[in-house]
Structures are given as C-alpha cells and as structure tokens.
Amino acid sequence: IIPIAKILTEDRFVAIQGDVLSVSYRPLKTGHEIITFAVTDYTSSIKVKLFEGVKEDADETKKKNAEEKLQKIKELLKKGAHVSVTGKVVFDTFDKELEIMGKDINLLEKEEKQDTAPVKRVELHMHTKMSAMDAVTGVKDLIKRAKKWGHTAIAVTDHGVAQAFPDAFAAAKATGIKVIYG
C-alpha cells in the first residue's frame, strides 16, 4: 500500500487504502454502470472508477449475477467507508487528472486513533466549529473524544466567540470532563 501523494504518473498498478469521500453511479447505454468514488488517505485524494454490469444481449444468468454484484457494491461502498483499492493509474482525458481504474476493492475496519500515553495531557488550545475557519468539529464530539482518551480536562479557545460554551457545559456535565473556557 502506497500513500496517494506518491502517485505521480500513469501506467502503474497500485494499492491504496483510505476513506471514501463521495460515491456516484452513472448508467451507460451499454447496460454497464460507472461507479466513481473519491478516496483519501489524508496525504492526498484520488478518484477511483469501476465499470460494472454486462451487455444488454447477455444471458439472464449473467445479467442476474451482474445486478447482484452491483447491488452489493452499492450497499457496501458509502461515504465514510474505509477501503483498500488496487488498480491501474490512468490519466483521464475528460477529467484531466490521474485516476485509478479499480480492480479489487475491500471494505476494511478503520483503526481508531488511541491516546496511549501513560500520563494524559490537558489540551489547552482547542477550537470548535464555532471558531470561523479554524475547526470543523463540534464541541460535544471533542469532549467525548477527550473522555474516551482518559483526559480530565479540555480548554475551548474559539476566536472571538462564545457560542460553543453552552454545549461545552452540557457535554462536560454529562461526561465529567472539566472545561476551561478560553
């Protein structure tokens, strides 16, 4: 498995691993369907394309198998899924970018980050989504994560706003985490 940021040229067969950012399905006149999904490993992102289905003149068994396979892909391949993908890197002349023509896709269990430090810290500089352009996570989620990691306190230091404080107070009361309002 290589980092997506290291994919610089076409004509390579690669294996990547990451989170699905978006998925789209587009039927073709041939009876096939193009499945396009974006994957990120947080070094970069790349589109992956698959062509699924059979020709319209295929026998009923092949059509049924193709339909079942496509349905299973649609059930498993969703935004947020953690996947490994192997395929050939190609330059898509329509999108004008490198993409992977997917061959094998496996759904994986995402390994959750852990705080394994023997002495837990107190985060003294934490922005929430209420601090414009500084964060995207809500204060409730931050406090839940701090509790899960064994932290005893957390500081909320949004820029020039106090909108997160009521939710921080409620989440702190529910979890037992001390909130330092900054």
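Which residues of strand S6 point one way, and which the other way? In this predicted model, Ala153 and Ala155 point to one side of S6 (residues 153–156), while Ile154 and Val156 point to the other, and all of them are buried.

**From S6 to S7**

Let's follow the chain onward from that strand. S6 pairs with strand S7 (residues 178–181) in the parallel sense, over four bridges. Within this pairing, Ala155 stands opposite Ile180 in S7. To get from S6 to S7, the chain passes through helix H3 (residues 165–175), and this β-α-β crossover is right-handed.

H3 itself is worth a look. Ala168, Ala171, Ala172 and Thr175 are buried in this helix. Seen down the axis of H3, these buried residues fall within an arc of 100°, so they line one face of the helix. Pro166, Phe169, Lys173 and Ala174, on the other side of H3, are exposed.

Strand S4 (residues 82–92) runs antiparallel to S5, and eleven bridges join the two. Val85 stands opposite Ile105 in S5. S4 and S5 form a hairpin with four residues between them, and Lys96 in the turn has a positive phi of about 60°. S5 also pairs with S3, this time in the parallel sense over three bridges, and here Lys47 stands opposite Glu99 in S5.

**The largest pocket**

Where do S3 and S5 turn up again? Along with helix H1 (60–76), strands S3 (45–52) and S5 (97–108) each supply at least two residues of the lining of the largest pocket. This pocket has a volume of about 310 Å³. Its lining counts 14 residues, and Leu50, Ile73, Leu76, Ile105 and Asn106 lie nearest the centre. S5 gives the most to the lining, with six residues. By class, the lining has seven nonpolar, two polar and five charged residues.

| Residue | Phi | Location | Relative accessibility |
|---|---|---|---|
| Met133 | about 65° | loop between S5 and H2 | 83% |

**Val14 in strand S1**

Finally, a stop at strand S1 (residues 13–27), where Val14 has its place. Val14 has 4% relative accessibility and therefore counts as buried, the cut-off being under 20%. The C-alpha atoms of Val14 and Thr30 are separated by 28 Å, and the two residues are 16 residues apart along the chain.

Methods:
Residues are numbered from 1 along each chain as its sequence is written. This is a predicted model: local features need pLDDT of at least 70, side-chain atom pairs count only at pLDDT 80 or more; totals for chains, interfaces and linings use all residues. Side-chain values use heavy atoms; hydrogens and water are left out. Buried means under 20% relative accessible area, exposed over 50%, partly exposed in between (1.4 Å probe, protein chains only). Two strands pair if DSSP finds at least two bridges between them. A crossover is right-handed if, with the strands pointing away from the viewer, the path from the first strand over the helix to the second runs clockwise. On a 1 Å grid over the protein atoms alone, a cavity is a set of points where a 1.4 Å probe fits but cannot get out, and a pocket is an open set with protein on both sides within 12 Å along at least five of seven lines; lining residues have an atom within 4 Å of a point. Grid points are joined across faces, edges and corners, and a volume is the space filled by probe spheres set on the points. Ala, Val, Leu, Ile, Met, Phe, Trp, Tyr, Cys and Pro count as nonpolar, Asp, Glu, Lys and Arg as charged, and the others, Gly among them, as polar. The arc is that of the directions from the helix axis to the C-beta atoms.
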